[in-house]
Amino acid sequence: MKKMKTILSFLICCLSCSMVQAQISHYQPGVTDEGAVYFLPKTVVNVKVLVEKKTYKPGDFSRYAQRYLRLNNVSQEPFVSYRVLTVTQEAAAVADTTKGFAVKFNARTVAANVALSDDGRLLAINATPTAAPQGSAPFVAAPKPTMLNPRQLMNEEILSAGSTAKMAELTAQEIYDLRENRSLLIKGQADFMPQDGSQMRLMLSQLDAQEQALLSLFQGTTVCDTTEHVVTVVPDGPFDRQMLFRLSQVNGLVDTDDLSGTPYYISVEDLKTVPPVDEAGAKTKKKTPESGIYVNVPSRMRATVYQGIEPIHTADLPAPQFGRVELLSGELFNKRYTTHLWLNALTGAVERLEGEQPK
């Protein structure tokens with residue numbers, strides 16, 4: 001959870017509308033001489049893309065792979081290729097600078113605690129903020145397996161061969177010998193049989209590792225590296241097929257204007273889960289403003305990622321910016337009782353509201 005900063009000992013509204021709420025156009029973090037300033041949140045979409053980089057290096061004996069081991073389609077040229085493994089989407093909260101509000105306090109009122117996030121979003125009043133959703137942990141690549149050095153497995157006859165072709169022939173014979181030994185071990189006909197299943201597994205594993213190391217001299221080696229890329233999208237309104245990124249099979253992620261890469265797009269649809277505001281009532285309310293705390297009534301959105309024209313991932317996410325703002329009356333925070341307010345850290349909606357009679 002992001003480090004929260006708590007603004008202590010605020011003076012909060014009295015019986016006679018002492019809490020004055022006003023929308024502001026310029027944000028000053030935290031506290032003013034006469035009150036507090038806060039933002040409500042909006043949702044950004046973090047698109048997480050796992051990209052695999054495959055690096056192929058041909059083996060020293062790749063030209064003899066078909067002759068001695070009957071291996072077809074073995075490339076003799078190195079190459080690097082990229083591909084997208086997975087795409088996921090997560091919602092995160094940032095301060096909505098179009099929803100900044102100032103609260104003015106009256107000096108005759110009771111004291112209260114106001115909790116803000118580091119970027120100024122209101123989290124709680126007279127309460128400890130609830131933990132913000134953390135999202136998925138950053139991707140950590142698995143450790144690469146360690147492969148034997150095939151040169152260390154070559155016997156004296158192979159190393160002293162007069163040509164590369166002869167070395168390849170003798171190495172291929174060594175591979176056939178390893179396969180024969182493995183077969184004899186499985187059949188129980190080896191000269192030295194293991195005493196138990198654990199020793200059997202260990203011996204088979206060693207034979208497999210030696211065979212794979214020598215095979216790499218013919219097949220070449222392929223190393224795969226997976227990295228995570230996060231592309232953040234800020235949907236201030238619905239849109240259709242906005243360029244997200246491009247991926248080139250040769251160069252990986254490239255600029256969005258680089259036509260060598262396959263385009264990936266994102267569309268955002270407003271699901272309109274919040275009923276529209278009655279315009280007549282809204283105008284009346286503006287003529288007679290109340291005091292209090294503004295909170296979000298969030299709507300929801302559907303974000304879809306496309307590879308070219310094919311949709312590959314869709315997620316329904318909260319969208320405070322597509323909802324509306326409502327006012328909690330200042331009467332909730334008067335001196336007759338202490339009100340505890342918790343807001344959802346992601347949406348800015350009321351999560352819990354409790355009243356407590358003074359002792």
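These are my notebook entries on a predicted model, taken element by element.

**Ground rules**

I number residues from 1 along each chain as its sequence is written, and I use heavy atoms for side-chain values, with hydrogens and water left out. My helices (H or I, at least four residues) and strands (E, at least two) are DSSP runs, numbered from the N terminus.

**Entry 1: helix α3**

I started with α3, residues 164–187. The helix has 24 residues and reaches 35 Å from its first C-alpha to its last. That is close to the 34 Å expected at 1.5 Å a residue; the expected span is 1.5 Å times one less than the number of residues.

Next I looked up burial. I call a residue buried under 20% relative accessible area, exposed over 50% and partly exposed in between (1.4 Å probe, protein chains only). In α3 the buried residues are Met167, Ala168, Leu170, Thr171, Ala172, Ile175, Leu178 and Leu185. What covers these residues? The cover includes α1 (65–69), α2 (156–159) and α4 (197–219).

I then checked Glu211, which is in helix α4. Glu211 counts as buried, because its relative accessibility is 12%. Leaving aside neighbours within four places in sequence, I find Glu211 in contact (heavy atoms within 4.5 Å) with Ile175, Leu178 and Arg179. Two of these, Ile175 and Leu178, are on my list of buried α3 residues.

After α3 comes Gly188, with a positive phi near 80°.

**Entry 2: aromatic rings**

I looked for ring pairs and found 6 aromatic pairs in the structure. Rings of Phe, Tyr and Trp (its six-membered ring) pair if their centres lie within 6.5 Å; planes under 30 degrees apart count as stacked, over 60 as edge-to-face and the rest as tilted.

Tyr38 and Phe101 have ring centres 5.8 Å apart and planes at 35°, so I log the pair as tilted. The two lie 63 residues apart, Tyr38 in strand β3 (residues 35–57) and Phe101 in strand β4 (residues 79–104). Tyr38 is buried at 2% relative accessibility. Phe101 is buried too, at 3%.

Tyr56 and Phe79 make a stacked pair, 5.1 Å centre to centre with 25° between the planes. This pair also links β3 to β4, across 23 residues. Are its members buried or partly exposed? Tyr56 is buried at 7%, whereas Phe79 is partly exposed at 39%.

I also noted a cluster: ring pairs link Tyr38, Phe101 and Tyr294.

**Entry 3: strand β13**

I moved to β13, residues 338–343. 5 of its 6 residues are buried, so the strand is largely enclosed by the rest of the structure.

Which strands pair with β13? I count strands as paired if DSSP finds at least two bridges between them. Strand β6 (residues 122–125) joins β13 through 2 bridges and runs antiparallel to it. There, Ala124 has Trp342 as its bridge partner. Strand β14 (residues 350–356) pairs with β13 in the antiparallel sense over 6 bridges. Here Thr338 is partnered by Glu356. β13 and β14 form a hairpin with 6 residues between them, and Gly348 in the turn has a positive phi of about 75°.

The charged end of Arg352 sits over the Trp342 ring, 3.8 Å from its centre. Arg241 does likewise over Tyr306, at 5.2 Å.

**Entry 4: an open sheet**

I traced a sheet of 5 strands in the order β9-β8-β10-β11-β12, open and antiparallel. β9 (252–254) and β12 (310–329) are at the edges with a single partner strand each, so one side of each has no neighbour in the sheet. Inside the sheet, 6 bridges join β8 (residues 239–248) to β10. Phe245 stands opposite Tyr264 in β10.

Asn126 is not a glycine, yet its phi is positive, about 55°. It lies in the loop between β6 and α2 and is buried at 15%. Lys272 has a positive phi near 50°. Its loop runs between β10 (262–270) and α5 (279–287), and Lys272 is exposed at 67%.

Key. This is a predicted model: local features need pLDDT of at least 70, side-chain atom pairs count only at pLDDT 80 or more; totals for chains, interfaces and linings use all residues. A charge sits over a ring if NZ of Lys or CZ of Arg is within 6 Å of the ring centre and within 35 degrees of the ring normal.
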